[in-house]
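Come along and check each entry against the view below.

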Amino acid sequence: MSSNEYPQNWRFWPVILISTFYTINSSLIMLGIPILFFQKEISIEIIGFLSASQIIAYCFSPLLFNKASNKLGRKKSVILAMAGVSSTQITYYFTLDPLVFLIARFTEGLFLGFFASNLQASISDNPLLDHSKYLSRLTLSFNSGGLIGLLFGALFLFFINDIILVFYIAPLLVITNAIIAIFFFQESTKLNSNIGIKESANIDEKSSIINNSNKSDEARYYIPVLIPIILLFGFSFAIGSANFIYPIKSEILGFEPYSAYFLSFCAISAQTLSTYRANLWSIKRLKIVSLISIILVSLIIICFGINEIYFGFIILFVIIGLLAGILYGSAIKFFMILNLTKHTSKYSSIMESLSGITFFATQITAGFIGRMNLELAFFTLSIILIGIFILNLLYVKKIRLI
């Protein structure tokens with residue numbers, strides 16, 4: 001193997017397709033849950049558990065299966081994830097009973113412990129890649145999938161106003177993913193003992209040429225682990241208020257179900273742009289912009305609780321999407337830097353588990369408070385975000401070159 005062939009031998013397009021198809025599936029189901037079960041007259045706190053059931057398992061499954069993933073390899077792990085999710089979502093064709101749905105979603109969260117962290121690690125496993133570029137493409141594919149799913153949901157429900165059919169269409173996407181993973185996903189190529197000393201030297205030389213000066217600086221940054229954790233909480237509260245509490249409020253206000261999908265489409269469109277840009281920004285810029293984003297999200301969430309005009313929600317969704325994208329893009333870049341500086345992939349698993357924990361905290365908090373007063377749920381999340389801002393302000397100064 002020559003050094004010129006090394007980076008080109010790895011196929012990246014299956015990673016893009018799998019991440020895109022899964023987020024189409026996820027966005028269809030995620031927004032459909034509060035709408036479907038509110039129409040079934042299920043109480044808001046129970047809807048909160050139904051929405052969070054997948055996330056409850058996902059709080060620990062990426063960390064629980066981290067070592068197993070490393071032993072199985074990226075390909076087998078992704079196959080296991082998509083095959084497992086396919087088997088759980090097939091139950092939608094037989095019943096959408098809340099208890100069965102809860103169990104199926106919880107089991108799905110377990111299988112997902114083998115999924116996103118391995119897609120991310122497949123990038124950091126390849127030493128010759130421009131990690132910032134490939135990371136931005138991966139996050140772009142996740143966000144693009146969300147866009148497609150929400151746009152499809154909006155158009156589908158506009159013409160065929162039957163939310164149950166969404167739960168019959170979505171599983172087809174993860175079944176397709178399982179097929180792609182089996183036949184096309186390629187194991188990451190890592191430096192190992194089978195590579196000769198001369199080739200290793202060539203690879204190191206090639207790597208130094210490929211990795212630009214900005215990336216080299218990033219790899220030398222000290223990032224307190226608490227910083228990306230704080231940013232993930234900020235992102236989750238932003239998205240949770242938009243995608244969980246708002247659909248219920250929209251039903252109360254009498255808006256059509258397709259309108260919730262359209263608003264989330266607006267938010268994810270903005271989030272896709274800002275996440276992609278955040279992945280490419282310097283650490284110095286991210287330190288400042290992420291701080292500003294947290295406090296602005298806190299203010300926007302208050303506006304969600306006050307506003308009752310549909311056009312106003314369009315503006316709010318676009319703004320919160322932009323801010324959430326900056327927070328998520330900053331968090332995922334900081335975790336990637338931790339992987340690079342520590343020569344590990346465990347931070348990808350940590351990030352995914354933390355994503356589950358933060359979304360779980362958002363939905364359960366909003367669900368219980370929302371039962372008493374929906375506007376109070378928005379205000380509570382806003383106050384928590386102010387606390388997150390203060391905590392981030394204390395730790396962001398510790399980011400430095402080493």
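Entry 1. Before going further, I note that a helix here is a DSSP run of H or I with at least four residues, numbered from the N terminus. I also remind myself that I am working with a predicted model.

Entry 2. I looked at what comes after helix 1, and found Glu-41, whose phi is positive, near 65 degrees.

Entry 3. I then checked the span of helix 1, which covers residues 13-39.

Entry 4. Where does helix 1 bend? I found a bend of about 35 degrees at Gly-32, and the proline Pro-34 follows within four residues.

Entry 5. Is Ser-69 buried or exposed? Its relative accessible area is 3%, and buried means under 20%, so Ser-69 is buried. Leaving out residues up to four places away in sequence, I listed its contacts: Arg-74, Ser-77, Gly-113, Phe-114 and Asn-118.

Entry 6. Finally, I stepped back to the whole protein chain. I counted 18 helices and 2 strands. Of the 402 residues, 57% count as buried. Among contacts between residues at least 6 apart in sequence, 88% join residues at least 24 apart. The chain exposes about 16,200 Å², and carbon and sulfur atoms supply 68% of that area.

Key:
Residues are numbered from 1 along each chain as its sequence is written. This is a predicted model: local features need pLDDT of at least 70, side-chain atom pairs count only at pLDDT 80 or more; totals for chains, interfaces and linings use all residues. Side-chain values use heavy atoms; hydrogens and water are left out. The expected span of a helix is 1.5 Å times one less than its number of residues. The bend at a residue is the angle between axes fitted to the seven residues ending there and the seven starting there. Buried means under 20% relative accessible area, exposed over 50%, partly exposed in between (1.4 Å probe, protein chains only). Contact means heavy atoms within 4.5 Å. Accessible areas come from the Shrake-Rupley method with a 1.4 Å probe; for residues, only the protein chains shown count as cover.
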